[in-house]
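Here are my notes on the helix packing and the aromatic pairs. Please read them beside the model.

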Amino acid sequence: MKDTYVPESEQSKELFAYFGLAVYYGQALEQQLTNLLLLTKLSQGKTPTEADLTDLYQRKLSNSLGQLIKEIQHHFPFSEQETAQLEEVWKQRNYIVHDYFKERIQETFTPAGRAKMIRELKRFKNKASRLEVKLQGYCTEMFTKLGLEEENLL
């Protein structure tokens, strides 16, 4: 197999670091959606035992971001703006994870192309991070309403 040229500049390292952060924040969002889904079901009495809760948690961890977004919309009252943000981040996350470098590889070989990609990945990271923090706030509110301590749940 022929080796692929990988640019070795500091800017290239920064590009790959922001790609990693984009993926990380996509996964953090998945985690918060899983937490919120479980808390919502718990508040509705739909997970009667700790074993049921643990089983549901394990199953939800294997769900994709899209599956979690579609399911949580049936159980949690997001605003239209929040729903639109979730769906936008979901689409962007899928593009970044599955197609970003396949479609943009030529841009990685120029400083201007890498700089543009870094800006895009930073914007996605910031958008996903803000949404994840918002969901984390909803989870905290639900913990409080349910009289739970975060350390004792999962």
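1. Helix 1 and helix 2 (residues 50-61) pack with their axes 10 Å apart, at an angle of about 150 degrees. That makes helix 1 roughly antiparallel to helix 2 (angles over 145 degrees). Axes are lines fitted to C-alpha atoms over the stretch in contact, and angles run from 0 to 180 degrees between N-to-C directions. Helices are DSSP runs (H or I, at least four residues), numbered from the N terminus.

2. This is a predicted model: local features need pLDDT of at least 70, side-chain atom pairs count only at pLDDT 80 or more, and totals for chains, interfaces and linings use all residues. Residues are numbered from 1 along each chain as its sequence is written, and side-chain values use heavy atoms, with hydrogens and water left out.

3. Which residues meet between helix 1 and helix 2? Helix 1 brings Q31, T34, N35, L37, L38 and K41; helix 2 brings L53, L56, Y57, K60 and L61. Contact means heavy atoms within 4.5 Å. The residues of this contact divide into 6 nonpolar, 3 polar and 2 charged.

4. The structure holds 8 aromatic pairs (ring centres within 6.5 Å). In one of them, the F19 and F101 rings have centres 5.0 Å apart and planes at 65 degrees, so the pair is edge-to-face (over 60 degrees). This pair links distant parts of the chain: F19 lies in helix 1 (residues 10-43) and F101 in helix 5 (residues 100-104), 82 residues apart.

5. F19 is partly exposed, at 21% relative accessibility (the class runs between 20% and 50%, with a 1.4 Å probe and protein chains only). F19 and F101 also belong to one aromatic cluster with F16, Y95 and Y100.

Methods
Rings of Phe, Tyr and Trp (its six-membered ring) pair if their centres lie within 6.5 Å; planes under 30 degrees apart count as stacked, over 60 as edge-to-face and the rest as tilted. Helices (H or I, at least four residues) and strands (E, at least two) are DSSP runs, numbered from the N terminus. Angles under 35 degrees count as roughly parallel, over 145 as roughly antiparallel, 65 to 115 as roughly perpendicular and the rest as oblique. Ala, Val, Leu, Ile, Met, Phe, Trp, Tyr, Cys and Pro count as nonpolar, Asp, Glu, Lys and Arg as charged, and the others, Gly among them, as polar.
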